[in-house]
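Please keep the sequence and the structure in view while working through the numbered points.

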Amino acid sequence: VQLQASGGGLVQPGGSLRLACAASGSRFDSYTMAWYRQAPGKQRELVARISSDYRTEYVDSVKGRFTFSRDYALNMAYLQMDRLKPEDTAVYYCYSEMITTLGERLNSWGRGTQVTVSS
């Protein structure tokens, strides 16, 4: 799977953005999809994840504000970000992962998209 992320930008605190991740390749529904972010001087952290069995999880700091969804027909993943805060400023990365029946881990990273929350 190859990933292409888009949708970043500059937004004021309290505003919204929607990130999109386009996945090319087959078996999209077999992959766990995730969004990570990395702020300047900090380690990359998991923001949200949807597994192949549709379980969704979020880091505590975005719960109730961010919504992660997948469109299996279009091979797309979306991160709707509402009530954005300055601390959400980071480069956001789309990620996919699948463990094959042979135990092989297949994973991909998309190029990051910058999200800046500032007045």
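1. The place of Arg-83 is in the loop between β8 and β9 (90-99). This is a predicted model, and in it Arg-83 has a positive phi of about 50° although it is not a glycine. With a relative accessibility of 49%, Arg-83 counts as partly exposed, because the exposed class requires over 50%.

2. Tyr-54 is not a glycine, yet its phi is positive, near 75°. The residue belongs to the loop that runs between β5 (45-50) and β6 (56-58). Is Tyr-54 buried or exposed? Its relative accessibility is 57%, so Tyr-54 counts as exposed.

3. The pairing of strands may be followed from β1. Strand β1 (residues 2-6) pairs with strand β3 (residues 17-24) in the antiparallel sense, over five bridges.

4. Which residues have the most contacts inside the largest nonpolar core? They are Met-33, Trp-35, Leu-79, Met-81 and Tyr-92, in a core of 28 residues. At least two residues of this core come from each of β1, β3, β4 (32-38), β5, β7 (66-71), β8, β9 and β11 (113-117). In general, nonpolar side chains of soluble globular proteins tend to be buried together.

5. Leaving aside residues up to four places away in sequence, Tyr-92 touches a list of residues including Leu-19, Trp-35, Leu-79 and Met-81.

6. How many salt bridges does a search of the whole structure find? The search finds seven. In general, side chains of opposite charge can pair when their charged atoms come close. One of the salt bridges joins Glu-45 and Arg-37, with the closest N and O atoms 2.7 Å apart. Arg-37 is buried, at a relative accessible area of 5%, whereas Glu-45 is partly exposed, at 30%.

7. Two further salt bridges may be examined. Lys-63 and Asp-60 form a salt bridge in which the closest N and O atoms are 2.9 Å apart. Lys-63 is partly exposed, with a relative accessible area of 49%, while Asp-60 counts as exposed at 59%. Glu-97 and Arg-105 also meet through their side chains in a salt bridge, at 2.9 Å from N to O. In this pair Glu-97 is partly exposed, with a relative accessible area of 23%, and Arg-105 is exposed, with 51%. Elsewhere, salt bridges that share partners join Arg-37, Glu-45, Arg-65 and Asp-88 into one network.

8. The aromatic rings form the next topic. A search of the whole structure finds five aromatic pairs. The ring centres of Tyr-54 and Tyr-72 are 5.6 Å apart and their planes meet at 85°, so this pair is edge-to-face. The pair links distant parts of the chain, 18 residues apart: Tyr-54 is in the loop between β5 and β6, and Tyr-72 is in the loop between β7 and β8. Tyr-72 is partly exposed, with a relative accessible area of 28%.

9. Tyr-95 and Trp-109 form a tilted aromatic pair, with 4.5 Å from centre to centre and 50° between the planes. Because Tyr-95 lies in strand β9 and Trp-109 in strand β10 (residues 105-109), the pair ties together parts that are 14 residues apart in sequence. Tyr-95 counts as buried, at 5% relative accessibility, whereas Trp-109 counts as partly exposed, at 39%.

10. Tyr-36, Tyr-93, Tyr-95 and Trp-109 form one aromatic cluster. The charged end of Arg-44 sits over the ring of Tyr-93, 3.8 Å from the ring centre. Arg-44 also lies over the face of Trp-109, at 4.6 Å from the centre of that ring.

Terms used. Residues numbered from 1 in each chain as written. Predicted model: local features only at pLDDT ≥ 70, side-chain atom pairs only at ≥ 80, totals over all residues. Heavy atoms only, no water. Salt bridge = Lys/Arg side-chain N within 4 Å of Asp/Glu carboxyl O. Buried < 20%, exposed > 50% of the residue type's maximum accessible area, 1.4 Å probe, protein only. Pairing = 2+ DSSP bridges. Helix = DSSP H or I, 4+ residues; strand = E, 2+ residues; numbered from the N terminus. Core = buried A, V, L, I, M, F, W, Y, C linked by side-chain atoms within 4.5 Å. Contact = heavy atoms within 4.5 Å. Phe/Tyr/Trp six-rings, centres within 6.5 Å; stacked < 30°, edge-to-face > 60°. Lys NZ or Arg CZ within 6 Å of the ring centre and 35° of its normal.
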